[in-house]
Amino acid sequence: MIWEVFRQERKGQPFVHGGSFHAPDQAFADAYAREFYARRQESVALWVVPRDAIHPIEEFPDEFDLKYRRVDGYSIKARLKEARARAGATEPADAEAPAQPASERT
Amino acid sequence: MTAREQEFLEYVQGGGLVETDDWMPDEYRARLIKFIEMHGNSELMGVLPERDWILRAPTLQRKLALTAKIQDEVGHCQLIYRVVEDLGKPRERCLDDLIAGKSKFHNVFHYPTKSWGDVGVIAWLVDAAAIISQKALLKCSYAPYARVMKKVCWEESFHILHGRDTVLAMVTGTAEQRELVQEALNRWWEPLMHFHGTPIPADEDPMVQWRIKSQGNEEARQQFLEGYVPQIRELGLEIPDPKLRRGEDGVWTYAEPDWDKLVAVVTGHGPASQERLAFRRLSRAEVDWVSKVVLAEAA
Amino acid sequence: MTRAQAEPRTELLLALADDELILGWRNSEWTGIAPFLEEDVAFSSIAQNEIGHARALYELAARELGGDADSIAFDRRPEEYRCAPLVQLQLVPDWARTIARHVLYETADAIRVEALKDHEDAELAGIAAKIEREEVYHRLHAEMWLERLRSEPRYVEAVEELWPYALGVLDADLRPALAERVGRDEVEAVERTAPGEEFAALWAEMTMVRRSAPVGAQW
């Protein structure tokens with residue numbers, strides 16, 4: 001059987017794919033995973049899974065342009081300019097300042 | 001070349017990366033398998049010159065370091081053969097072809113080792129030459145191999161240090177110990193100059209065109225000379241090539257290696273080639289029953 | 001270094017250290033030629049661990065005997081080593097016998113090391129505790145192979161052959177415990193004696209590089 005190992009380099013880090021090897025069962029797989037991915041204390045944790053348990057997915061439909069779900073689906077420049085002009089603002093507000101919720105405005 | 005193959009070629013030349021299940025031209029796949037298989041073979045055969053010296057190591061520290069180095073190499077063979085397997089050639093068939101003499105392994109592993117001097121010189125300089133090639137492979141267009149190279153390069157970083165430390169202990173020891181190193185260097189210099197292969201220009205090398213290799217052979221050799229000749233000479237060791245010199249333009253010139261000899265060596269006519277293959281054949285036969293009992297499926 | 005009557009504790013240290021050194025040496029004979037690549041890497045770590053244990057024990061012995069771990073490991077005469085016959089046997093290329101030894105030795109060593117954790121010498125007890133923590137993984141490894149090989153005739157034969165040797169690893173008072181753990185009857189053990197010819201050949205190879213320079217040379 002082929003087994004895949006995912007390793008965590010430091011606590012808090014994501015588990016990242018390390019590699020694969022042959023082993024007849026979980027006991028052997030655990031032993032070999034330790035050897036290949038942690039004998040130098042280079043990982044703090046490992047996930048050892050049979051290759052068959054992994055389902056690859058590589059195609060993702062994107063037919064109707066649903067980019068309202070992403071940041072690049074928004075372009076506010078033109079409207080912002082018009083809104084400022086109407087309000088007679090002499091200087092643009094700090095573009096970085098987060099919007100204050102109405103309840104917290106003094 | 002078909003239009004699709006041409007498109008693929010342009011894709012990899014533009015820096016595109018290829019994963020295991022992507023479509024790839026037959027030629028690309030075949031070249032990959034041959035190249036990567038040779039690399040795996042080399043890691044495995046590289047164990048043989050060194051393993052006897054584990055038993056003879058003169059201190060516990062050297063024994064441990066050498067064992068760990070060789071362990072890494074076996075581990076690298078495992079990682080590299082896995083890449084070949086996922087490209088379509090099972091590991092057992094790689095081993096069959098290796099011991100039948102049908103596939104190749106790097107020239108340096110066709111030579112005998114004679115003393116503890118060899119142990120230092122191999123770990124320092126042969127591994128240094130190998131790391132130069134391996135670092136260039138980090139840019140391989142075939143991503144699974146590039147990823148394995150990352151782990152390999154990281155693990156091999158201590159090998160060179162261990163080798164250099166071993167050499168340093170001897171050159172600062174007795175006159176006889178120093179002589180062991182010099183004598184080993186005299187024998188290993190030619191194989192080292194052969195290591196990176198014939199000086200085929202990068203733009204004529206199909207391996208570079210497919211972006212499997214990203215560095216020409218001569219470029220690698222120059223990198224080795226630039227990095228290591230000063231380090232060798234500063235220990236008072238002599239390099240057995242009176243023509244070796246660095247030009248003002250930074251290019252090293254040297255006595256032309258015997259390229260026919262390189263071909264002869266890698267086709268199985270090196271001083272230790274047949275003995276090593278016979279040893280592999282024998283040891284595999286003796287433990288064959290274990291794989292059959294434990295790894296029930298062939299691959 | 002003189003071989004005057006050493007303290008019982010030192011004798012104990014040397015026996016334990018020599019067992020680990022020589023077993024580590026024998027186990028590293030599998031480097032590059034183990035049954036398959038993954039196992040090659042795993043078995044090499046076990047060999048390295050054993051040599052690491054030997055080193056720690058020799059360092060402790062050096063305080064009593066003088067010299068350092070390397071001089072005690074390598075500069076004695078062959079007849080001065082204290083290793084058990086079990087670890088001296090050359091078993092490559094026989095994997096069944098190798099695993100049989102591995103299983104038996106790890107079981108015996110577990111018993112021995114457990115007892116040492118209570119030794120009055122705090123340093124020795126400390127090393128024993130460390131060895132025990134590392135050998136948990138050796139035992140897991142031995143057990144996973146035992147599961148696979150226990151019904152193989154060559155493995156069964158190997159255990160039969162090596163059982164008297166395994167008993168000889170331990171002092172007589174610990175042998176009943178070994179017999180119980182392994183599930184076999186106690187038989188006449190192959191006792192520790194001054195090492196013979198096979199060991200002398202091992203020693204010659206082990207020390208050939210070191211002996212090629214004067215005592216005290218650095219490597």
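Trainee: How many bridges join strand β1 of chain A to β2(A)?

Mentor: Strands pair if DSSP finds at least two bridges between them. Strands (E, at least two residues) and helices (H or I, at least four) are DSSP runs, numbered from the N terminus. Here β1(A), residues 2-8, and β2(A) share six bridges and run antiparallel. Look at Val5(A): opposite it in β2(A) stands Gly19(A).

Mentor: One caution about what you see. This is a predicted model, in which local features need pLDDT of at least 70, side-chain atom pairs count only at pLDDT 80 or more, and totals for chains, interfaces and linings use all residues. Residues are numbered from 1 along each chain as its sequence is written, while chains are lettered from A and ligands numbered from 1 in the order in which they are written.

Trainee: In what order do the three strands of the chain A sheet lie?

Mentor: The order is β2-β1-β3, in an open, antiparallel sheet. β2 (16-22) and β3 (45-50) of chain A each have a single partner strand, so one side of each lacks a neighbour in the sheet. On average, neighbouring strands are turned by 25 degrees against each other, direction ignored.

Trainee: Which element of chain A gives the most to the side that touches chain B?

Mentor: Contact means C-beta atoms, placed from the backbone, within 7 Å. Chain A puts six residues into its contact with chain B, and chain B puts in seven. β2(A) gives the most on the chain A side, with four residues. That side has three nonpolar, three polar and no charged residues. (Nonpolar is Ala, Val, Leu, Ile, Met, Phe, Trp, Tyr, Cys and Pro; charged is Asp, Glu, Lys and Arg; the others, Gly among them, are polar.)

Trainee: At what angle do helices α2 and α3 of chain B pack?

Mentor: Axes are lines fitted to C-alpha atoms, for helices over the stretch in contact; angles run from 0 to 180 degrees between N-to-C directions. α2(B), residues 26-56, and α3(B), residues 60-87, pack at about 160 degrees, with axes 9 Å apart. So α2(B) is roughly antiparallel to α3(B). (Under 35 degrees is roughly parallel, over 145 roughly antiparallel, 65 to 115 roughly perpendicular, the rest oblique.) The crossing of α2(B) and α3(B) is left-handed: the near helix is turned anticlockwise from the far one by less than a right angle, while clockwise would be right-handed. Their contact has 16 nonpolar, five polar and seven charged residues.

Trainee: Which element of chain B gives the most to the side that touches chain C?

Mentor: α3(B), with twelve residues. The contact takes 35 residues from chain B and 34 from chain C. The chain B side divides into 19 nonpolar, ten polar and six charged residues.

Trainee: How high is the average pLDDT of chain B?

Mentor: pLDDT is the predictor's confidence in each residue, from 0 to 100. Chain B averages 95, and 99% of its residues score at least 70. Chain C averages 94, with 97% at that level. Over residues 1-5 of chain C, though, pLDDT is below 50, and this stretch has four contacts beyond near neighbours in sequence. Where pLDDT is low, the predicted coordinates should not be read in detail.

Key. Contact = placed C-beta atoms within 7 Å.
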